[in-house]
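Colleague: I am new to reading protein models, and I would like to go through one with you slowly. Could we look at the structure together and take the questions one at a time?

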Amino acid sequence: MNDLRNRYQNKGKGISMNYWVVGAMFGGRKDMDQLERFIGDGCWEYGYEPGEQLVQERRFREIKVNDRIAIKRRLGKGSKQIEIRAIGIVTGIEPGKTRVSVKWLVTEMNRIVQSHGAIATIHGPFASGDPWTNQVFSI
């Protein structure tokens, strides 16, 4: 957990672009996988009702245009690894909604990386010079 906390340190330090690792399975269920819809619609959506997940909601509100976003999938309960499935750039924020527009740069990925605690729906912002961030977002 300290490893993940250290990655949040770029917050408020004048960094113009942030990196986010997000999920695509509503409720954590494989039968609710939204990846294909997100790719097809050019978007990413936060899948909770307002007030349901306050920490996740706060993180969502910090995402901005030009931020980088990677969709991940947890590799089973207790796994210390995640699969990076797609990488894109946030191109728009939909006011009053829990959805951002994304230009997907790479899809159909299956890059396996250490999770470093990035298990919940939204994690970030991450620093660009961090080796883990570079591993997740390299194209």
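**Reading the model step by step**

Modeller: Let us begin with a residue on the outside: Glu108 has a relative accessibility of 78%, and because exposed means over 50%, Glu108 counts as exposed. Please keep in mind throughout that this is a predicted model.

Colleague: Where in the chain is Glu108 found?

Modeller: The backbone at Glu108 has a phi near 55 degrees, which is a positive value in a residue other than glycine. As for its place, Glu108 is found in the loop between β5 (99-106) and β6 (111-114).

Colleague: His116 also has a positive phi although it is not a glycine. Is His116 buried, partly exposed or exposed?

Modeller: His116, whose phi is about 50 degrees, has its place in the loop between β6 and β7. Its relative accessible area is 28%, and since values from 20% to 50% fall between the two limits, His116 is partly exposed.

Colleague: Thr121 lies in the loop between β6 and β7. Which residues does Thr121 touch, if those up to four places away in sequence are not counted?

Modeller: Thr121 has a relative accessibility of 15%, and because buried means under 20%, Thr121 counts as buried. Once residues up to four places away in sequence are set aside, the residues that Thr121 touches are Val21, Val22, Gly23, Trp44, Tyr46, Tyr48 and Gln56.

Colleague: Which residue is joined to Gly124 by a cis peptide bond?

Modeller: The omega angle of this bond is about 0 degrees, and the bond is cis.

Colleague: How many aromatic pairs does the structure hold, and what kind of pair do Phe38 and Trp44 form?

Modeller: In total, the structure holds 5 aromatic pairs. The ring centres of Phe38 and Trp44 lie 6.5 Å apart with their planes at 65 degrees, and because an angle over 60 degrees is the condition for this class, the pair is edge-to-face.

Colleague: Are Phe38 and Trp44 buried or exposed?

Modeller: Phe38 has a relative accessible area of 0%, and Trp44 likewise has a relative accessibility of 0%. Since the limit for burial is under 20%, Phe38 and Trp44 both count as buried.

Colleague: What kind of pair do the rings of Tyr46 and Phe60 form?

Modeller: The ring centres of Tyr46 and Phe60 are 5.8 Å apart and their planes stand at 25 degrees, and because this angle is under 30 degrees, the pair is stacked.

Colleague: Which parts of the chain does this pair link, and which cluster do the rings belong to?

Modeller: The pair links distant parts of the chain, with Tyr46 in the loop between β2 (43-45) and α3 and Phe60 in helix α3, 14 residues apart. Tyr46 counts as buried at 2% relative accessibility, and Phe60 counts as buried at 8%. Ring pairs link these residues into a cluster made up of Phe38, Trp44, Tyr46 and Phe60.

Colleague: Phe60 also lies among the residues nearest the centre of the second largest pocket. Which element gives the largest share of the lining of that pocket?

Modeller: The second largest pocket has a volume of about 200 Å³, and its lining counts 14 residues, with Phe60, Arg61, Gly96, Lys97 and Thr98 nearest its centre. By kind, the lining divides into 7 nonpolar, 2 polar and 5 charged residues. The largest share, 3 residues, comes from helix α3 (residues 54-62).

Colleague: Finally, what share of the residues in the protein is buried?

Modeller: The protein has 4 helices and 7 strands, which run from the N terminus as α-β-α-β-α-β-β-β-β-β-α. Among contacts between residues at least 6 apart in sequence, 64% join residues at least 24 apart. Of the 139 residues in the protein, the buried share is 41%.

Key
Residues numbered from 1 in each chain as written. Predicted model: local features only at pLDDT ≥ 70, side-chain atom pairs only at ≥ 80, totals over all residues. Heavy atoms only, no water. 1 Å grid on protein atoms, 1.4 Å probe; cavity = no way out; pocket = protein on both sides within 12 Å on 5 of 7 lines; lining within 4 Å. Points joined across faces, edges and corners; volume = space filled by probe spheres on them. Helix = DSSP H or I, 4+ residues; strand = E, 2+ residues; numbered from the N terminus. Nonpolar A, V, L, I, M, F, W, Y, C, P; charged D, E, K, R; others polar. Buried < 20%, exposed > 50% of the residue type's maximum accessible area, 1.4 Å probe, protein only. Phe/Tyr/Trp six-rings, centres within 6.5 Å; stacked < 30°, edge-to-face > 60°. Contact = heavy atoms within 4.5 Å.
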